[in-house]
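Here is a short report on strand order and helix packing. Look at the fold before reading on.

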Amino acid sequence: MFSFGLIARSTESRARAGVIRTEHGAIETPVFMPVGTRGSVKSVTPEELLAAGAQIILGNTYHLYLRPGCDVISRFAGLHQFMHWDGPILTDSGGFQVFSLAKLANISEEGVTFQSHLDGSSHLLTPGKVIDIQNCLGSDIMMCLDDCIQYPATRKDSLTALEITTNWAKRCKQAWRELETKHNTLFGIVQGGMFTDLRQRSAEELMNVDFPGYAVGGLSVGEPAEVMLEMADYTLPILPETKPRYIMGVGTPENLIELVALGVDMFDCVLPTRNARNGQMFTQYGTVNISNAQYKEDTEPLEGGCECYTCRNYSRAYLRHLYMARELLAYRLNTIHNIHYFISFMKQMRQAILADKFESFRKDYYQKLEN
């Protein structure tokens with residue numbers, strides 16, 4: 001049900017374009033995945049996601065396990081039917097949410113015991129249980145349980161997290177192999193903190209387990225952007241060229257273009273949706289803070305030439321009015337634009353790679369920001 005093939009490479013960087021095939025459709029890479037943590041990309045419908053060009057969305061095991069739970073989702077034969085999304089879905093393992101949200105989390109070789117951030121109830125996530133939950137969700141791409149640590153972290157803590165992540169990855173792979181029916185695939189997650197030799201060790205150990213795809217985790221956890229890029233630049237060439245490479249939780253348009261140049265195929269981040277709800281929109285000329293007084297009587301669309309529903313129908317003045325009045329429509333219209341921008345940005349990068357003009361596109365992107 002799963003395959004990945006490269007169809008073009010840049011001759012001036014490591015940027016590449018490919019196609020991922022899943023049971024629920026093909027995904028053209030490089031790709032940005034809108035985040036639908038709880039089975040919903042906040043404030044927009046699946047139809048609006050499709051109109052914006054979304055090919056695949058992300059759901060989260062931790063949140064969906066706690067609420068509404070597999071007993072509910074299984075009644076709908078999985079997340080696709082439950083949330084009315086027919087395209088591919090990737091589900092995170094929940095490791096990052098345990099790290100960032102859960103109370104009194106305790107990590108051991110067995111798994112992670114934590115208290116729910118919702119009601120304080122106690123839970124144990126093991127590698128096998130994470131696979132079972134994601135199988136219940138019916139995602140097309142599942143992620144191994146990993147031990148994501150804070151930044152900064154000592155070498156000792158980074159090594160411990162690496163060893164636990166490798167052990168869990170082996171058990172996730174075994175649990176996945178034992179599933180009666182396989183309509184999905186499983187990615188391993190590279191850890192190792194901000195230490196290049198540990199990153200290499202983690203990547204090599206996961207390649208020995210042999211996964212259909214690989215994610216680089218433990219980045220975008222508070223480290224400076226240059227450190228993130230350094231770790232990605234070192235790690236990505238170690239991973240197999242014939243398999244998709246996914247950077248988790250990244251990021252800004254600048255992050256995306258630089259990481260595509262390093263050979264990344266897949267991204268997810270809450271930035272376009274979260275910032276939309278805070279009144280910040282992304283355009284080819286930089287960000288727009290719609291609450292600024294200069295837009296009070298502005299009759300122009302948010303971004304000239306943008307084909308999204310918001311820009312085709314509404315002015316900056318109206319968007320500012322909605323946002324200042326805290327009208328719910330503000331969040332919807334702002335989010336539609338930001339998702340459209342991120343997805344269009346990735347499509348433009350892909351087209352530049354196919355034409356072998358990626359470096360020219362990259363240069364033009366930064367020149368527009370300076371104007």
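How are α10 and α15 oriented to each other, roughly parallel or roughly antiparallel? This is a predicted model. In it, helix α10 (residues 253-261) packs against helix α15 (residues 358-370) at an angle of about 160 degrees. Angles over 145 degrees count as roughly antiparallel, so α10 and α15 are roughly antiparallel to each other. Their axes lie 11 Å apart. The crossing of α10 and α15 is left-handed.

Both helices contribute side by side to the contact. From α10 come P253, E254, I257, E258, V260 and A261. They meet F358, F361, R362, Y365, Y366 and L369 in α15. The residues of this contact divide into nine nonpolar, no polar and three charged.

Now the sheet. Eight strands form an open sheet with parallel pairing. Their order is β4-β14-β13-β12-β11-β10-β6-β5. The edge strands are β4 and β5, and each pairs on one side only. From one strand to the next, the twist averages 25 degrees.

Within the sheet, β6 and β10 pair in the parallel sense over two bridges. T91 has M142 in β10 as its bridge partner. Helix α6 packs on the sheet and touches β6, β10 and β11. The direction of α6 makes about 155 degrees with that of β10.

The residue ranges of these elements are as follows.

| Element | Residues |
|---|---|
| Strand β4 | 31-33 |
| Strand β5 | 57-60 |
| Strand β6 | 89-92 |
| Strand β10 | 141-143 |
| Strand β11 | 185-190 |
| Helix α6 | 127-137 |

Technical notes. Residues are numbered from 1 along each chain as its sequence is written. This is a predicted model: local features need pLDDT of at least 70, side-chain atom pairs count only at pLDDT 80 or more; totals for chains, interfaces and linings use all residues. Side-chain values use heavy atoms; hydrogens and water are left out. Axes are lines fitted to C-alpha atoms, for helices over the stretch in contact, and angles run from 0 to 180 degrees between N-to-C directions. Helices (H or I, at least four residues) and strands (E, at least two) are DSSP runs, numbered from the N terminus. Angles under 35 degrees count as roughly parallel, over 145 as roughly antiparallel, 65 to 115 as roughly perpendicular and the rest as oblique. A crossing is left-handed if the near helix is turned anticlockwise from the far one by less than a right angle, and right-handed if clockwise. Contact means heavy atoms within 4.5 Å. Ala, Val, Leu, Ile, Met, Phe, Trp, Tyr, Cys and Pro count as nonpolar, Asp, Glu, Lys and Arg as charged, and the others, Gly among them, as polar. Two strands pair if DSSP finds at least two bridges between them.
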